[in-house]
Amino acid sequence: MEVSAASDTGESSAEGTYDAYAPVYDVFTAHFGHDDWLPDLVALLERHGLHGKRLLDVGCGTGKSFLPMLPWGWEVTGCDISTSMLARARGKVGEEVRLVRADMRSLPRLGEFDLVWSIDDAVNYLTGDGELNLALAGMRDNLAPEGLLFFDLDTIHAYRTFFAETEVVEREGHRLVWRGLARADAAPGSICESRLEIDPGEEGASECVHRQRHFPEGDVLAALERAGLECLAVYGQGLDGIPDQPLDESVHIKALYVARRAPDQR
Ligand SMILES: C[S@@+](CC[C@H](N)C(=O)[O-])C[C@H]1O[C@@H](n2cnc3c(N)ncnc32)[C@H](O)[C@@H]1O
């Protein structure tokens, strides 16, 4: 059995986790409504001044967070730490999309983008101290002067529920067991884990550990400011996928952040 366990060294384990998870990622997340969610998100961002169609998708995974943008004429660059996730994305889009293997903690300047986003809790994999600051600074450097940054984070409610529970998914000939290892009273700011068992008991079974950090709103706002970014809005989102204000960490499962370069960074 192949095990991609979380490291205790402070190094991100996300690369190993997602290299193991890639073959079944789309199966496990088949019910995630990116096709409905992303158009609504773009409409929301337009209300915050989004102009232009150059997108940098940070932690793009298998492409679910940029694929719906292509028919609307967006010019997409996607990056991810996992080559296996990128290979899945490449299989869907060929050369139409520029895909780059990059770690968001040391993001190179990949261009000038009207929108930089990181969708579906990719940023929560930054478990080491200071890693959020590094990622935000790299995202800032990829923004056009008037560009927007958007990312979502799992709330403490998500860690106390989804990350504390077992869920079994049987789909497309696979059996996936998500074993949340967090406590139902996980403290704000803590690091939580879940073990995903892929086809347990079968030939070719594997496991990967998802190790994520909860970021309280105050810490995120401080990190945005340190990175030379101005926060334009914070939303909470429940299972209905509809952004709501104010963010309530005890009710919402996701926190959504919209930011842009601070005035002295434009
Ligand atoms: C939950 S998946 C989301 C993928 C995609 N955005 C989506 O909506 O389906 C999180 C992604 O973040 C990537 N990731 C985690 N840590 C990363 C890092 N330090 N740099 C770049 N990508 C990272 C993982 O490899 C994975 O593909």
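Okay, let's start on helix α3, with Ala-87 and Gly-91, which are exposed on one side of that helix. Before I go on, keep in mind that this is a predicted model.

So what sits on the other face? In α3, which runs over residues 83–93, the buried ones are Met-85, Leu-86, Ala-89 and Val-93. They cover an arc of only 95 degrees around the axis, and that puts them on the same side of α3. What covers those buried residues? Among the elements there you'll find α1, β3 (75–80) and β4 (98–101).

Now, on to α2. Which of its residues are buried? That would be His-34, Trp-37, Leu-38, Leu-41, Val-42, Leu-44 and Leu-45. The arc they cover is only 160 degrees around the axis, so they end up on the same side of α2. If you turn to the other side of α2, you get Asp-35, Asp-36, Asp-40 and Arg-47, which are exposed.

What do the buried residues of α2 pack against? Strands: β5 (113–118), β6 (143–154), β11 (229–237) and β13 (254–261). There's a glycine after this helix too: Gly-49 follows α2, and its phi is positive, near 100 degrees.

His-34 brings me to the ligand. There are 22 residues around the ligand, and the ones that come nearest are Tyr-25, His-34, Gly-59, Asp-80 and Met-104. Helix α1, residues 14–28, gives the largest share of that shell, with three residues.

Asp-80 has a polar side-chain atom 2.6 Å from an oxygen atom of the ligand. For Ser-65, a polar side-chain atom is 2.9 Å from a ligand nitrogen atom. With Met-104 it's the backbone: a polar backbone atom there is 2.8 Å from a nitrogen atom of the ligand. And how much of the ligand does the protein cover? On its own the ligand has 600 Å² of accessible area, and the protein covers 99% of that.

Last stop, Thr-127, which is in the loop between β5 and α4 (131–141). Buried or exposed? Its relative accessibility is 7%, so Thr-127 counts as buried. Leaving aside residues up to four places away in sequence, Thr-127 touches Ile-191, Arg-211, Gln-212 and Arg-213.

That's it from me, thanks.

Conventions:
Residues are numbered from 1 along each chain as its sequence is written. This is a predicted model: local features need pLDDT of at least 70, side-chain atom pairs count only at pLDDT 80 or more; totals for chains, interfaces and linings use all residues. Side-chain values use heavy atoms; hydrogens and water are left out. Buried means under 20% relative accessible area, exposed over 50%, partly exposed in between (1.4 Å probe, protein chains only). Helices (H or I, at least four residues) and strands (E, at least two) are DSSP runs, numbered from the N terminus. The arc is that of the directions from the helix axis to the C-beta atoms. Contact means heavy atoms within 4.5 Å. A residue is near a molecule or strand if one of its heavy atoms lies within 4 Å of it. A polar contact is a pair of N or O atoms within 3.5 Å; within protein, one must be able to donate a hydrogen and the other to accept it, and residues adjacent in sequence count only if both atoms are side-chain atoms. Accessible areas come from the Shrake-Rupley method with a 1.4 Å probe; for residues, only the protein chains shown count as cover.
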